[in-house]
Amino acid sequence: ANLFTDVKRASAAMPTFQRRAVLVDSPTIALQQKRTSMESDSVVQEIITSDENEAMTFLRSTASL
């Protein structure tokens, strides 16, 4: 859990960071990922999903930010 938190913190600190999609393969992993999300993460910054198309749509929508 600490590793995931550190990775998310490092990515969010990058100057060009806009959004993050986390692909998971089970509801249990999704819950674990939600626990490692930073308190400052908003729905706009991160999506946790098992649907690759949903993740890609979310990431592509950053161009409109």
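Biologist: Which helix is Lys8 found in?
Modeller: Lys8 is found in helix α1. Helices (H or I, at least four residues) and strands (E, at least two) are DSSP runs, numbered from the N terminus. This is a predicted model, where local features need pLDDT of at least 70 and side-chain atom pairs pLDDT 80 or more, while totals for chains, interfaces and linings use all residues. Residues are numbered from 1 along each chain as its sequence is written, and side-chain values use heavy atoms, leaving out hydrogens and water.

Biologist: Is Lys8 buried or exposed?
Modeller: Lys8 is buried, at 3% relative accessible area. Buried means under 20%, exposed over 50%, partly exposed in between (1.4 Å probe, protein chains only).

Biologist: What does its side chain make a polar contact with?
Modeller: With the side chain of Glu46, at 3.2 Å. A polar contact is a pair of N or O atoms within 3.5 Å; within protein, one must be able to donate a hydrogen and the other to accept it, and residues adjacent in sequence count only if both atoms are side-chain atoms.

Biologist: Now α2. Which of its residues are buried?
Modeller: In α2, residues 27–36, they are Ala30, Gln33 and Thr36. Seen down the axis of α2, these buried residues fall within an arc of 120 degrees, so they line one face of the helix. The arc is taken from the directions from the helix axis to the C-beta atoms.

Biologist: Which residues are exposed on the other side?
Modeller: Pro27, Leu31, Lys34 and Arg35.

Biologist: And what covers the buried ones?
Modeller: The cover includes α1 (2–13), β1 (20–23) and β2 (46–49).

Biologist: What order do the elements run in?
Modeller: From the N terminus on, α-β-α-β-α, with three helices and two strands in the protein chain.

Technical notes. Contact means heavy atoms within 4.5 Å.
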